[in-house]
Each structure stands twice: as C-alpha cells, then as structure tokens.
Amino acid sequence: FADRGGRVVTEMSVVRHSETLMTLITAAAAQSHDHELLKARLPKGLTLSDETEGSSTLILCGPQSRALLSGLCDADLSRPWLTHQTSHIAGKSVTLIRVSFAGELGWEVHAAVDDMPAVHAALTEAGAPLGLKPFGMFALNSLRIEKGYRAWGSDIGPDHTPVEAGLGWAVKLKKNIDFKGRAAIEAQMTGGVKKMLACFTVDDPEVVLLGRETIYRDGERVGWLTSAGYGHTVGKPIG
C-alpha cells in the first residue's frame with residue numbers, strides 16, 4: 001500500500017475467498033491505523049468490517065509442521081507458499097495459510113476465537129512427540145532477520161519505497177493497471193535509488209545489536225540499522 005511518492009504506507013496480507021470477499025491481515029499494532037486508512041479510501045460498492053475480536057491466529061512453523069498437520073486434518077499440505085485453504089482441526093473450521101514469518105516451512109492457522117482453545121489443544125498434543133514448543137517474539141524476530149524478511153515500522157515504512165527496501169520484485173508492474181505510487185516506483189526501477197536496505201553481520205559474537213545503531217564507513221555516517229538480532233543459525237549478530 002503506497003502513497004503517491006511510492007513510499008510504503010502500510011503492509012498487510014490479503015486472503016481472497018471469492019470474487020466478492022477478502023480478508024485483510026495486519027499486525028496487531030497496525031490494526032487501528034490500517035482500518036482508518038482503508039475506511040478513508042474505500043471505493044463505492046465495497047464494505048469494510050473489523051473482524052478482529054472474533055478471530056484468532058496461531059503460527060505453526062518448523063521442519064515438522066507438515067507432519068504435525070497431516071495427522072490432524074485432511075488439507076492438501078503440498079500446496080505452495082502464499083496459498084490458503086479451509087479445513088478442520090479437532091472438529092473446528094480453520095483457514096490454513098501457507099506462510100510463515102519465521103522464514104521456513106509453516107502455516108498460519110486462523111479460527112474463530114471460541115474454537116481456538118480446541119485447535120490449540122489438538123496441535124499441542126499432536127506436536128509433543130515431534131518436539132513442538134511455544135516461542136516468543138525474540139525467537140521469531142531472530143528467525144525472520146536471518147531470512148531477510150522485512151518488519152513493518154522498522155525495515156519498511158513511510159520513509160522507504162519497496163525498491164529501497166529490496167522489495168521491488170513484489171510490485172506488480174507487468175499489467176497495465178495504474179495504482180498510487182506507480183510512477184514513482186517505476187522511476188526508481190529505471191533510475192536507481194540513493195539508499196538501499198542491506199544486511200550486515202558482525203564477526204564478534206559478543207557484540208549485541210538491538211537496531212537503530214549508526215553505520216559508519218571510513219569514519220563517515222552513512223546509515224543506521226533498521227532492526228537487529230542474534231542469528232543462532234549463522235552464529236553471528238545480524239543487522
């Protein structure tokens with residue numbers, strides 16, 4: 001979602017159920033921001049409703065996630081990244097979205113709030129023999145930084161365009177469909193940019209990177225770390 005300058009106003013996932021029904025998924029911290037943003041720009045003929053209070057989500061990821069789900073539902077778990085389908089777990093209706101912010105095999109499991117305790121219990125019980133464990137945001141942040149996934153509000157935001165954030169590949173320019181910011185983004189695609197998101201690692205494992213540290217090159221300030229963490233897979237701090 002870009003402004004006229006091509007800058008990223010917000011970022012969300014879109015699940016298309018049919019020609020006339022879509023679900024938009026955004027970060028909890030952006031809920032009010034995104035709802036007001038969409039409501040102010042809603043074209044005639046469309047309706048917008050906030051379903052947050054009635055919906056809940058679990059993130060299931062890791063190398064054993066497909067094996068775990070296969071014993072609990074009849075979904076086609078071979079479907080590729082960024083696909084979705086409905087199924088049942090513990091007799092409850094769920095939407096399985098083949099995406100994981102951890103950067104590895106995984107699904108988002110969406111269900112009604114009242115149904116989620118039963119879904120959670122079934123996943124926890126079935127996952128125990130496979131080593132399933134809960135994880136927190138620090139673990140998720142470490143994994144997504146290793147993968148290079150951008151976080152809204154730090155790595156991408158109103159100060160950056162998709163091209164500057166290394167996400168130019170995600171902008172749909174092949175079809176002749178106009179959208180806000182298209183001209184600015186196309187200009188950057190052809191003319192280049194003056195700043196670019198890049199990945200840094202530190203050889204000293206004792207260094208603690210938290211994000212927002214200044215980057216110096218030959219004694220001159222040239223940028224800052226948008227976010228950072230320790231990459232346990234690579235054994236280095238990453239910014």
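The structure contains zero disulfides, a disulfide being a pair of cysteine sulfur atoms within 2.5 Å. The sulfur of Cys-61 has its closest cysteine sulfur in Cys-73, and because these lie 16 Å apart, they are too far for a bond. Cys-199 is likewise in no disulfide, with the nearest cysteine sulfur, that of Cys-61, 20 Å away. Cys-199 counts as exposed because its relative accessibility is 58%; buried means under 20% relative accessible area, exposed over 50%, and partly exposed in between (1.4 Å probe, protein chains only).

## Basis of the model

This is a predicted model, in which local features need pLDDT of at least 70 and side-chain atom pairs count only at pLDDT 80 or more, while totals for chains, interfaces and linings use all residues. Residues are numbered from 1 along each chain as its sequence is written, and side-chain values use heavy atoms, with hydrogens and water left out.

## The second largest pocket

The second largest pocket holds about 660 Å³ of space. A pocket is an open set of points on a 1 Å grid over the protein atoms alone, where a 1.4 Å probe fits, with protein on both sides within 12 Å along at least five of seven lines; lining residues have an atom within 4 Å of a point. The volume is the space filled by probe spheres set on the points.

This pocket is lined by 29 residues, and those closest to its centre are Met-196, Leu-197, Ala-198, Cys-199 and Thr-226. At least two lining residues come from each of α4 (137-147) and β8 (220-224), and α4 gives the largest share, four residues. Helices (H or I, at least four residues) and strands (E, at least two) are DSSP runs, numbered from the N terminus.

## Positive phi angles

Arg-212 is not a glycine, yet it has a positive phi of about 75°. Arg-212 is found in the loop between α5 (182-191) and β7 (214-217).

Asp-218, also not a glycine, has a positive phi of about 55°. Asp-218 belongs to the loop between β7 and β8, and it is exposed, with a relative accessible area of 80%.

## A nonpolar surface patch

Val-14, Met-22, Leu-24, Leu-42, Leu-46 and Leu-48 make a nonpolar surface patch of about 490 Å². Such a patch joins nonpolar side chains (Val, Leu, Ile, Met, Phe, Trp, Tyr) within 5 Å, from residues with over 30% relative accessible area and no salt bridge; a salt bridge is a side-chain nitrogen of Lys or Arg within 4 Å of a carboxyl oxygen of Asp or Glu. Accessible areas come from the Shrake-Rupley method with a 1.4 Å probe.

Within this patch, Leu-24 lies in strand β2 (residues 22-25). Leu-24 counts as partly exposed because its relative accessibility is 36%.

How values were computed:
Patch = residues over 30% accessible without salt bridge, like charges linked within 9 Å, V, L, I, M, F, W, Y side chains within 5 Å.
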